[in-house]
Amino acid sequence: MENVNQKMKQYLEENAAATEKALEGYFAGEDADLNRIFEAQRYSLLGGGKRIRPFLVNTCCKTLGGNAEVSMPYACALEMIHTYSLIHDDLPCMDNDDIRRGKIANHLKFGEAVALLAGDALLTLAFELAGNAVAGGCDPRVVSVIAEYAGYAGMIGGQADELSGG
């Protein structure tokens, strides 16, 4: 059993490193006028987290006969959606948290307005990645599923329920 645990840990770490590298690639050559927002996005998105969602996406794809080249844009999109939700969740109007992943919350480091825009930009970029993957031949239903579970029937609905005390 220890050998299985070690292999799983190694695979998680390898996938996290590959995901981190792919995520970094989406922030090359930004517009200098938007640098503060890019910096805020990178601050929360890069350099932390176990990357469980990308691991699950890439593992499912591999199990079904695909490869990371096909699944990585979706894996990155889900990680961006997750990170956007964390940035927004930490805002004073939501949970008003000061610390995320062992670092000062995005809104305290960059200000509430920049944090809000950074989260929105991550969400938008996530759907751009998923849309580009569809244009590359992937199943378009994946984008609908992502939208459904990120939207009011999923994550946003859960946050609304939390805010109402439900």
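Biologist: In this predicted model, which residue forms a salt bridge with Asp89?

Modeller: A salt bridge needs a side-chain nitrogen of Lys or Arg within 4 Å of a carboxyl oxygen of Asp or Glu. Here the closest N and O atoms are 3.5 Å apart. The partner of Asp89 is Arg100.

Biologist: Which parts does the pair of Asp89 and Arg100 tie together?

Modeller: The two residues are eleven apart in sequence. Asp89 lies in helix 4 and Arg100 in strand 1, so the pair ties together helix 4 and strand 1.

Biologist: Is Asp89 buried or exposed?

Modeller: Buried means under 20% relative accessible area. Asp89 has 12%, so Asp89 counts as buried.

Biologist: Which residue meets Glu20 in a salt bridge?

Modeller: Glu20 is one of the buried residues of helix 1. The N to O distance of the salt bridge is 2.4 Å. Its partner lies in the loop between helix 2 and helix 3, so the pair ties together parts that are 31 residues apart in sequence. That partner is Arg51.

Biologist: Which residues are linked with Glu20 in a network of salt bridges?

Modeller: The whole structure holds seven salt bridges. Glu20 and Arg51 make one of them. The network links Glu20 with Arg51, Glu79 and Arg101.

Biologist: Which element gives the largest share of the lining of the largest cavity?

Modeller: The largest cavity holds about 120 Å³ of space. Its lining has 14 residues, and Arg100 and Arg101 are among the closest to its centre. Four residues, the largest share, come from helix 4.

How values were computed. Residues numbered from 1 in each chain as written. Predicted model: local features only at pLDDT ≥ 70, side-chain atom pairs only at ≥ 80, totals over all residues. Heavy atoms only, no water. 1 Å grid on protein atoms, 1.4 Å probe; cavity = no way out; pocket = protein on both sides within 12 Å on 5 of 7 lines; lining within 4 Å. Points joined across faces, edges and corners; volume = space filled by probe spheres on them. Buried < 20%, exposed > 50% of the residue type's maximum accessible area, 1.4 Å probe, protein only.
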